[in-house]
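Biologist: I would like to learn how to read charged pairs and pockets in a model such as this one. Could you take me through them step by step?

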Amino acid sequence: MAKMIHSMIRVLDEARSVDFYGRAFGLEVADRIVFPTFTLIYLSNAETGFELELTVNQGRVEPYPLGEGYGHLAVSVEELGDEHARFSSLGLNPGKITELNRDGKLFGLFFFVTDPDGYKIEVVQRHGRFQ
């Protein structure tokens, strides 16, 4: 069986992105590999073996267009309200908390935050299928 191991996004400024993902999600640099024309930075934390791979292309000065195909990354948290307050206190500008119901029952409770390169990240309360 295949095992999901990472998701990759292209970022413009390594330090800015590492700072954002560290403050927002407690991700730390697990590995940093420099190639002649690009650098790969793998971020992770103790919650999961899944990693976020940041790709920094040398010499890139313009932000990447996100296009119409990108949706979002998602992370789950124990207490959504506390995380929303923490994000706000850090100046990360989280969106409003949204409740999604299906068949009269809670399906998901979440908010979105946008990283420095414009990528959307969904922060969802651990509940039901979102563990």
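**Charged pairs and a pocket**

Modeller: In this model, which is predicted, the side chains of Arg126 and Glu47 meet in a salt bridge, with 3.1 Å from N to O. Arg126 lies in the segment after β8 and Glu47 in the loop between β3 and β4, so that the pair links distant parts of the chain, 79 residues apart.

Biologist: What is the general idea behind such a pair?

Modeller: Side chains of opposite charge can pair when their charged atoms come close. Here the cut-off is a side-chain nitrogen of Lys or Arg within 4 Å of a carboxyl oxygen of Asp or Glu, and because of this cut-off the contact between Arg126 and Glu47, at 3.1 Å, counts as a salt bridge.

Biologist: Are Arg126 and Glu47 buried, partly exposed or exposed?

Modeller: Arg126 counts as partly exposed, at 22% relative accessibility, whereas Glu47 counts as exposed, at 59%.

Biologist: Which other residue forms a salt bridge with Arg126?

Modeller: Glu78 does, and the closest N and O atoms of Glu78 and Arg126 are 3.1 Å apart. Because Glu78 lies in the loop between β5 and α2 while Arg126 lies in the segment after β8, this pair ties together parts that are 48 residues apart in sequence. Glu78 is itself exposed, with a relative accessible area of 55%. Through shared partners, the salt bridges join Glu47, Glu78 and Arg126 into one network.

Biologist: How many salt bridges does the structure hold?

Modeller: The structure holds six, and one of them is formed by Glu14 with Arg32, whose closest N and O atoms are 2.7 Å apart. This pair also links distant parts of the chain, since Glu14 is in helix α1 and Arg32 in strand β2 (residues 28–34), 18 residues apart. Arg32 is partly exposed, with a relative accessible area of 44%.

Biologist: Turning to the pockets, how much space lies in the largest pocket?

Modeller: About 730 Å³ of space lies in the largest pocket. Its lining is made up of 26 residues, and those closest to the centre of the pocket are Asn45, Thr48, Ala74, Val75 and Ser76.

Conventions:
Residues numbered from 1 in each chain as written. Predicted model: local features only at pLDDT ≥ 70, side-chain atom pairs only at ≥ 80, totals over all residues. Heavy atoms only, no water. 1 Å grid on protein atoms, 1.4 Å probe; cavity = no way out; pocket = protein on both sides within 12 Å on 5 of 7 lines; lining within 4 Å. Points joined across faces, edges and corners; volume = space filled by probe spheres on them. Helix = DSSP H or I, 4+ residues; strand = E, 2+ residues; numbered from the N terminus. Buried < 20%, exposed > 50% of the residue type's maximum accessible area, 1.4 Å probe, protein only.
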